[in-house]
Amino acid sequence: MLDEIQKRLIEEVADLHEVPEGAYNIRANGQMAARNTTANIDIVTKEDGSGIDIRIAPGTRHESVHIPVVLSQSGIRETVYNDFYIGEDSDVVIVAGCGIDNCGTQDSQHDGIHRFYVGKNARIKYVEKHYGAGDGAGKRILNPGTEVYMEEGSYMEMDMVQIKGVDSTVRDTKAELAEGAKLIVRERLMTHGSQSAVSNYAVSLNGENASADVISRSVARDASYQKFDSRIIGNAPCSGHTECDAIIMDNARILAVPQLEANDLDAALIHEAAIGKIAGEQIIKLMTLGLTEEEAEEQIVNGFLK
(Lines give C-alpha, C1' and ligand atoms only; values in the text may rest on other atoms or scores of the structure.)
Protein backbone atom coordinates (compact mmCIF):
# COMPACT_ATOMS: atom_id res chain seq x y z
CA MET A 1 0.00 0.00 0.00
CA LEU A 2 1.15 3.53 -0.78
CA ASP A 3 1.13 6.19 1.92
CA GLU A 4 -0.14 9.73 1.37
CA ILE A 5 3.31 11.17 0.55
CA GLN A 6 3.90 8.48 -2.06
CA LYS A 7 0.45 9.05 -3.59
CA ARG A 8 1.18 12.78 -3.86
CA LEU A 9 4.51 12.07 -5.56
CA ILE A 10 2.81 9.78 -8.08
CA GLU A 11 0.29 12.52 -8.86
CA GLU A 12 3.17 14.90 -9.57
CA VAL A 13 5.23 12.62 -11.82
CA ALA A 14 2.54 10.55 -13.54
CA ASP A 15 -0.66 12.65 -13.24
CA LEU A 16 -2.32 9.72 -11.51
CA HIS A 17 -4.98 10.30 -8.88
CA GLU A 18 -5.85 6.62 -8.68
CA VAL A 19 -4.53 3.28 -9.90
CA PRO A 20 -4.48 3.50 -13.72
CA GLU A 21 -6.17 1.21 -16.18
CA GLY A 22 -3.97 -0.96 -18.35
CA ALA A 23 -0.41 -2.01 -17.64
CA TYR A 24 1.55 -0.45 -14.78
CA ASN A 25 4.43 -1.02 -12.40
CA ILE A 26 4.73 1.24 -9.35
CA ARG A 27 8.02 1.23 -7.44
CA ALA A 28 8.23 2.76 -3.95
CA ASN A 29 11.34 3.02 -1.77
CA GLY A 30 13.22 0.40 -3.74
CA GLN A 31 10.41 -2.18 -3.86
CA MET A 32 7.57 -3.04 -6.22
CA ALA A 33 4.36 -1.61 -4.76
CA ALA A 34 1.88 -2.59 -7.48
CA ARG A 35 1.81 -4.18 -10.94
CA ASN A 36 -0.69 -5.05 -13.62
CA THR A 37 -0.28 -6.55 -17.08
CA THR A 38 -2.62 -6.90 -20.05
CA ALA A 39 -3.07 -9.33 -22.90
CA ASN A 40 -0.77 -7.19 -25.07
CA ILE A 41 1.65 -5.72 -22.52
CA ASP A 42 3.70 -7.88 -20.18
CA ILE A 43 5.91 -6.64 -17.34
CA VAL A 44 8.39 -8.97 -15.63
CA THR A 45 11.08 -8.42 -13.02
CA LYS A 46 14.63 -8.94 -14.28
CA GLU A 47 16.22 -12.11 -12.96
CA ASP A 48 18.84 -10.15 -11.05
CA GLY A 49 16.17 -7.85 -9.58
CA SER A 50 17.72 -4.67 -10.98
CA GLY A 51 14.62 -3.54 -12.90
CA ILE A 52 11.89 -4.71 -15.26
CA ASP A 53 11.32 -5.79 -18.85
CA ILE A 54 8.26 -4.42 -20.62
CA ARG A 55 7.18 -6.28 -23.75
CA ILE A 56 4.55 -4.75 -26.02
CA ALA A 57 3.09 -7.12 -28.59
CA PRO A 58 3.14 -6.22 -32.30
CA GLY A 59 0.05 -4.31 -33.41
CA THR A 60 -0.86 -3.09 -29.90
CA ARG A 61 -2.81 0.18 -30.15
CA HIS A 62 -4.54 2.64 -27.81
CA GLU A 63 -2.92 1.19 -24.68
CA SER A 64 -0.63 2.74 -22.07
CA VAL A 65 2.09 1.75 -19.63
CA HIS A 66 2.75 3.63 -16.37
CA ILE A 67 5.99 2.96 -14.46
CA PRO A 68 6.39 5.70 -11.81
CA VAL A 69 9.03 5.54 -9.07
CA VAL A 70 8.76 7.30 -5.70
CA LEU A 71 11.22 7.68 -2.83
CA SER A 72 9.94 8.95 0.51
CA GLN A 73 12.72 7.68 2.77
CA SER A 74 15.97 9.57 3.23
CA GLY A 75 19.20 7.82 2.31
CA ILE A 76 17.93 5.52 -0.46
CA ARG A 77 20.26 5.16 -3.45
CA GLU A 78 19.35 2.88 -6.31
CA THR A 79 20.06 2.16 -9.96
CA VAL A 80 17.26 0.57 -11.96
CA TYR A 81 17.36 -0.79 -15.52
CA ASN A 82 14.08 -0.89 -17.44
CA ASP A 83 14.00 -2.32 -20.97
CA PHE A 84 11.11 -1.72 -23.36
CA TYR A 85 10.54 -4.01 -26.35
CA ILE A 86 7.97 -2.33 -28.59
CA GLY A 87 6.52 -4.58 -31.28
CA GLU A 88 6.04 -3.63 -34.93
CA ASP A 89 3.06 -1.45 -35.91
CA SER A 90 2.15 -0.70 -32.28
CA ASP A 91 0.97 2.72 -31.07
CA VAL A 92 1.23 3.21 -27.29
CA VAL A 93 1.86 5.78 -24.55
CA ILE A 94 4.53 5.18 -21.90
CA VAL A 95 4.53 7.31 -18.75
CA ALA A 96 7.53 7.17 -16.44
CA GLY A 97 9.06 9.58 -13.93
CA CYS A 98 10.44 9.75 -10.43
CA GLY A 99 9.46 11.77 -7.38
CA ILE A 100 11.65 12.16 -4.29
CA ASP A 101 10.44 13.55 -0.96
CA ASN A 102 13.46 13.89 1.32
CA CYS A 103 12.90 15.25 4.80
CA GLY A 104 16.06 13.72 6.25
CA THR A 105 19.76 14.52 6.37
CA GLN A 106 21.01 11.85 3.94
CA ASP A 107 20.96 12.18 0.18
CA SER A 108 18.32 10.25 -1.76
CA GLN A 109 19.18 9.19 -5.31
CA HIS A 110 17.48 7.35 -8.15
CA ASP A 111 19.30 6.51 -11.38
CA GLY A 112 16.83 5.10 -13.89
CA ILE A 113 18.27 3.60 -17.10
CA HIS A 114 15.58 3.13 -19.76
CA ARG A 115 16.32 1.30 -23.00
CA PHE A 116 13.80 1.36 -25.84
CA TYR A 117 13.85 -1.10 -28.73
CA VAL A 118 11.27 0.35 -31.11
CA GLY A 119 10.03 -2.03 -33.81
CA LYS A 120 9.38 -1.28 -37.46
CA ASN A 121 6.64 1.33 -38.04
CA ALA A 122 5.83 1.51 -34.30
CA ARG A 123 4.72 4.82 -32.74
CA ILE A 124 5.58 5.74 -29.15
CA LYS A 125 4.82 8.72 -26.95
CA TYR A 126 7.07 8.72 -23.88
CA VAL A 127 6.48 11.07 -20.94
CA GLU A 128 9.08 11.39 -18.17
CA LYS A 129 8.63 13.78 -15.24
CA HIS A 130 11.01 14.41 -12.34
CA TYR A 131 10.06 16.16 -9.12
CA GLY A 132 11.63 16.81 -5.72
CA ALA A 133 10.12 17.86 -2.39
CA GLY A 134 10.85 17.77 1.33
CA ASP A 135 12.56 20.18 3.71
CA GLY A 136 15.45 17.99 4.86
CA ALA A 137 19.13 18.79 4.40
CA GLY A 138 19.63 15.66 2.28
CA LYS A 139 19.75 16.18 -1.47
CA ARG A 140 17.32 14.90 -4.09
CA ILE A 141 19.39 13.44 -6.94
CA LEU A 142 18.04 12.05 -10.21
CA ASN A 143 20.26 10.76 -13.03
CA PRO A 144 18.14 9.37 -15.88
CA GLY A 145 19.76 7.49 -18.73
CA THR A 146 17.79 6.90 -21.92
CA GLU A 147 18.81 4.74 -24.86
CA VAL A 148 16.62 4.55 -27.97
CA TYR A 149 17.05 2.14 -30.88
CA MET A 150 14.55 2.84 -33.66
CA GLU A 151 13.89 0.51 -36.56
CA GLU A 152 12.72 1.45 -40.05
CA GLY A 153 9.75 3.82 -40.22
CA SER A 154 9.28 4.10 -36.46
CA TYR A 155 8.29 7.28 -34.59
CA MET A 156 8.99 8.36 -31.03
CA GLU A 157 8.00 11.52 -29.19
CA MET A 158 9.69 12.20 -25.86
CA ASP A 159 8.39 14.76 -23.33
CA MET A 160 11.10 15.21 -20.66
CA VAL A 161 10.07 17.46 -17.75
CA GLN A 162 11.83 18.63 -14.58
CA ILE A 163 10.26 21.70 -13.03
CA LYS A 164 10.88 21.65 -9.29
CA GLY A 165 12.94 20.42 -6.39
CA VAL A 166 15.75 18.33 -7.92
CA ASP A 167 19.13 19.33 -6.47
CA SER A 168 21.34 17.57 -9.00
CA THR A 169 20.70 15.77 -12.26
CA VAL A 170 22.72 14.44 -15.17
CA ARG A 171 20.42 13.47 -18.03
CA ASP A 172 22.07 11.27 -20.67
CA THR A 173 20.10 10.42 -23.82
CA LYS A 174 21.40 8.39 -26.75
CA ALA A 175 19.43 7.45 -29.87
CA GLU A 176 20.11 5.52 -33.07
CA LEU A 177 17.67 5.86 -35.98
CA ALA A 178 17.26 3.58 -38.98
CA GLU A 179 15.78 4.48 -42.38
CA GLY A 180 12.72 6.73 -42.18
CA ALA A 181 12.65 6.80 -38.38
CA LYS A 182 11.68 10.05 -36.65
CA LEU A 183 12.52 11.26 -33.13
CA ILE A 184 11.05 14.34 -31.45
CA VAL A 185 12.35 15.45 -28.04
CA ARG A 186 10.88 18.27 -25.95
CA GLU A 187 12.81 18.97 -22.77
CA ARG A 188 11.48 21.42 -20.18
CA LEU A 189 13.30 22.16 -16.96
CA MET A 190 13.76 24.78 -14.28
CA THR A 191 16.54 25.09 -11.72
CA HIS A 192 16.75 27.35 -8.68
CA GLY A 193 18.85 27.80 -5.56
CA SER A 194 22.20 26.07 -6.08
CA GLN A 195 20.79 23.26 -8.22
CA SER A 196 22.65 21.78 -11.16
CA ALA A 197 21.21 20.21 -14.32
CA VAL A 198 23.24 18.72 -17.17
CA SER A 199 21.53 17.38 -20.30
CA ASN A 200 23.54 15.34 -22.80
CA TYR A 201 22.03 14.21 -26.10
CA ALA A 202 23.70 12.12 -28.81
CA VAL A 203 21.47 11.26 -31.77
CA SER A 204 22.81 9.18 -34.67
CA LEU A 205 20.82 9.37 -37.91
CA ASN A 206 21.97 6.17 -39.59
CA GLY A 207 19.31 5.57 -42.23
CA GLU A 208 18.11 7.47 -45.27
CA ASN A 209 15.37 10.02 -44.46
CA ALA A 210 15.83 9.59 -40.72
CA SER A 211 15.07 12.80 -38.81
CA ALA A 212 15.38 14.24 -35.32
CA ASP A 213 14.18 17.42 -33.61
CA VAL A 214 15.64 18.02 -30.12
CA ILE A 215 14.49 21.17 -28.32
CA SER A 216 15.22 22.27 -24.74
CA ARG A 217 13.29 25.10 -23.06
CA SER A 218 14.60 26.00 -19.63
CA VAL A 219 14.70 28.61 -16.87
CA ALA A 220 17.72 29.02 -14.56
CA ARG A 221 17.17 31.07 -11.40
CA ASP A 222 19.14 32.13 -8.31
CA ALA A 223 22.67 30.61 -8.38
CA SER A 224 21.77 27.46 -10.31
CA TYR A 225 23.67 25.98 -13.25
CA GLN A 226 22.54 24.34 -16.47
CA LYS A 227 24.38 22.72 -19.35
CA PHE A 228 22.74 21.60 -22.58
CA ASP A 229 25.04 19.47 -24.73
CA SER A 230 23.34 18.25 -27.89
CA ARG A 231 25.08 16.27 -30.62
CA ILE A 232 23.46 15.15 -33.86
CA ILE A 233 25.38 12.82 -36.16
CA GLY A 234 24.21 12.51 -39.76
CA ASN A 235 25.48 9.24 -41.24
CA ALA A 236 23.07 9.20 -44.21
CA PRO A 237 20.84 11.56 -46.21
CA CYS A 238 18.84 12.85 -43.25
CA SER A 239 17.65 15.94 -41.38
CA GLY A 240 18.40 17.01 -37.82
CA HIS A 241 17.59 20.05 -35.72
CA THR A 242 18.56 20.89 -32.14
CA GLU A 243 17.68 24.04 -30.19
CA CYS A 244 18.37 25.53 -26.76
CA ASP A 245 15.92 28.24 -25.71
CA ALA A 246 16.59 29.47 -22.19
CA ILE A 247 15.74 32.25 -19.74
CA ILE A 248 18.48 33.23 -17.29
CA MET A 249 17.70 35.07 -14.04
CA ASP A 250 19.52 36.35 -10.95
CA ASN A 251 23.06 34.87 -10.73
CA ALA A 252 22.40 31.68 -12.67
CA ARG A 253 24.67 30.25 -15.39
CA ILE A 254 23.75 28.44 -18.61
CA LEU A 255 26.06 26.72 -21.09
CA ALA A 256 24.82 25.54 -24.50
CA VAL A 257 27.16 23.25 -26.45
CA PRO A 258 26.16 22.61 -30.08
CA GLN A 259 27.66 19.66 -31.89
CA LEU A 260 26.76 18.76 -35.46
CA GLU A 261 28.58 15.99 -37.30
CA ALA A 262 27.79 15.45 -40.97
CA ASN A 263 29.22 12.21 -42.40
CA ASP A 264 27.09 12.29 -45.55
CA LEU A 265 26.85 14.90 -48.30
CA ASP A 266 23.05 15.05 -47.91
CA ALA A 267 22.92 15.31 -44.12
CA ALA A 268 21.07 18.57 -43.32
CA LEU A 269 21.78 19.56 -39.72
CA ILE A 270 20.82 22.75 -37.85
CA HIS A 271 21.56 24.04 -34.35
CA GLU A 272 19.97 27.10 -32.71
CA ALA A 273 20.54 28.65 -29.30
CA ALA A 274 19.00 31.63 -27.53
CA ILE A 275 19.79 32.54 -23.92
CA GLY A 276 18.65 35.77 -22.33
CA LYS A 277 16.84 37.51 -19.53
CA ILE A 278 13.15 38.34 -19.47
CA ALA A 279 12.52 41.45 -21.52
CA GLY A 280 11.60 44.48 -19.41
CA GLU A 281 8.74 45.45 -21.68
CA GLN A 282 7.11 42.06 -21.07
CA ILE A 283 7.09 42.70 -17.32
CA ILE A 284 5.85 46.28 -17.72
CA LYS A 285 3.00 45.17 -19.97
CA LEU A 286 1.78 42.64 -17.42
CA MET A 287 2.18 45.12 -14.55
CA THR A 288 -0.22 47.48 -16.32
CA LEU A 289 -2.81 44.70 -15.89
CA GLY A 290 -2.42 44.86 -12.11
CA LEU A 291 0.29 42.28 -11.47
CA THR A 292 3.28 42.92 -9.25
CA GLU A 293 6.75 42.57 -10.78
CA GLU A 294 7.18 39.16 -9.13
CA GLU A 295 3.78 37.97 -10.35
CA ALA A 296 4.59 39.19 -13.86
CA GLU A 297 7.86 37.23 -13.87
CA GLU A 298 6.09 34.06 -12.74
CA GLN A 299 3.45 34.49 -15.43
CA ILE A 300 6.13 34.74 -18.11
CA VAL A 301 8.13 31.78 -16.77
CA ASN A 302 5.08 29.53 -16.50
CA GLY A 303 4.00 30.36 -20.03
CA PHE A 304 7.51 29.80 -21.37
CA LEU A 305 7.76 26.30 -19.97
CA LYS A 306 4.37 25.07 -21.21
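Q: Why is Arg-77 called exposed?
A: This is a predicted model, and in it Arg-77 has 55% relative accessibility. Exposed means over 50%, so Arg-77 gets that label.

Q: What makes Asp-107 partly exposed?
A: Its relative accessibility is 23%. Partly exposed sits between the under 20% of buried and the over 50% of exposed, so Asp-107 lands in between.

Q: How do you know that Asp-107 and Arg-77 meet in a salt bridge?
A: Their side chains are 3.5 Å apart, N to O. The cut-off is within 4 Å, so the pair counts. Asp-107 lies in the loop between β8 and β9 and Arg-77 in strand β7, so the bridge ties together parts 30 residues apart in sequence.

Q: Why is the pair Asp-245 and Arg-217 called a salt bridge?
A: Here the N to O distance is 3.2 Å, and the limit is 4 Å, so this pair passes too. Asp-245 lies in strand β19 and Arg-217 in strand β17, so parts 28 residues apart in sequence are tied together.

Q: Are those two, Asp-245 and Arg-217, buried or partly exposed?
A: One of each! Asp-245 has a relative accessible area of 18%, and buried means under 20%, so Asp-245 is buried. Arg-217, at 27%, counts as partly exposed.

Q: What makes Ser-211 buried?
A: Ser-211 has a relative accessible area of 15%. That's under the 20% cut-off, so buried it is. Ser-211 is in strand β17, and its contacts include Leu-177, Leu-205 and Ser-239.

Definitions and conventions
Residues numbered from 1 in each chain as written. Predicted model: local features only at pLDDT ≥ 70, side-chain atom pairs only at ≥ 80, totals over all residues. Heavy atoms only, no water. Helix = DSSP H or I, 4+ residues; strand = E, 2+ residues; numbered from the N terminus. Buried < 20%, exposed > 50% of the residue type's maximum accessible area, 1.4 Å probe, protein only. Contact = heavy atoms within 4.5 Å. Lists of a residue's contacts leave out its neighbours within four places in sequence.
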